[in-house]
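Here are a few notes to read with the model open beside you.

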Amino acid sequence: SQLDLGFFDDTARAVRRMNGVIARTDFRVLPADLRPYLAIAGFYANAGEPARARAMVARWDSEMTDSVTRRLTDPGRRGILGAIAIAEGRYDEALEAFKNADSAGVKAPSLLPELQRAYFRIMDVSGVLDLGMRIISQAIRFRPDDRLSTISHAIITSALAISCRMSKAL
């Protein structure tokens, strides 16, 4: 499903496949901390299905009773809520959710493009550029030999910033 969504740009097929997997799978047989509700919620948010994403977060909330696991996964959960907010067009709320996730301990590079996307949606050029520089610096730090990744992030950041500027000028 993730391949259909991310690489083949076939959202309908990706959602159908995920719905089928969920229908066939009893996640309750897994230990609570291994149930993939938050990952599925992120998938649905990125597929533009915020109601289904919220339903998965609600399942996580109702079935995860271990307070330590809840505390450890809370920053990631906040990031998922940010992705859901983007899917619902609530970009200011998405920014807050991503910032809260970042301040709560998620320093993962994977969170930064989501935050950059939220800045882009509200046409905040300085936010787009700042996040782009953070993404590029982390790409260089974590993968110094991966020049393609660094160049890709630079191109994406430039394109987003130019798009923001052009949209504001119109």
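1. A cut-off to begin with: a residue is called exposed when its relative accessible area is over 50%, buried when that area is under 20%, and partly exposed in between. Val-29, at 65% relative accessibility, therefore counts as exposed. Please keep in mind throughout that this is a predicted model.

2. Val-29 sits in the loop between α2 and α3. Together with Leu-30 and Leu-34, Val-29 makes a nonpolar surface patch of about 290 Å². In soluble globular proteins, nonpolar side chains tend to be buried together.

3. The largest nonpolar core has 21 residues, and the members that touch the most others are Ile-22, Ile-40, Tyr-44 and Met-56. At least two residues of this core come from each of α2 (11-24), α3 (37-46), α4 (50-63) and α5 (67-87). The biggest contribution is that of α3, with seven residues.

4. Leaving aside residues up to four places away in sequence, Tyr-44 is in contact with Val-15, Met-18, Asn-19, Ile-22, Glu-49, Pro-50, Arg-52, Ala-53 and Met-56.

5. Ala-41 belongs to helix α3 and, at 0% relative accessibility, counts as buried. Its contacts, again without residues up to four places away in sequence, are Ala-53, Met-56, Val-57 and Ile-80. The C-alpha atoms of Ala-41 and Arg-54 are 6.7 Å apart, although 13 residues separate the two along the chain.

6. On to the charged side chains. How many salt bridges does a search of the whole structure find? The search finds 10. As background, side chains of opposite charge can pair when their charged atoms come close.

7. One of these pairs is Glu-63 with Arg-35, whose side chains meet at 2.7 Å, N to O. Why does Arg-35 count as buried? Its relative accessible area is 15%, and the limit for buried is under 20%.

8. A second pair to check is Glu-88 with Arg-54, at 3.1 Å, N to O.

9. Finally, the side chains of Arg-70 and Asp-61 form a salt bridge at 4.0 Å, N to O. The cut-off for a salt bridge is within 4 Å, so please look at this pair with that limit in mind. Arg-70 is partly exposed, at 32% relative accessible area, and Asp-61 is partly exposed too, at 26%.

Note on methods:
Residues numbered from 1 in each chain as written. Predicted model: local features only at pLDDT ≥ 70, side-chain atom pairs only at ≥ 80, totals over all residues. Heavy atoms only, no water. Core = buried A, V, L, I, M, F, W, Y, C linked by side-chain atoms within 4.5 Å. Buried < 20%, exposed > 50% of the residue type's maximum accessible area, 1.4 Å probe, protein only. Helix = DSSP H or I, 4+ residues; strand = E, 2+ residues; numbered from the N terminus. Contact = heavy atoms within 4.5 Å. Patch = residues over 30% accessible without salt bridge, like charges linked within 9 Å, V, L, I, M, F, W, Y side chains within 5 Å. Areas by Shrake-Rupley, 256 points an atom, 1.4 Å probe, with all protein chains shown as cover.
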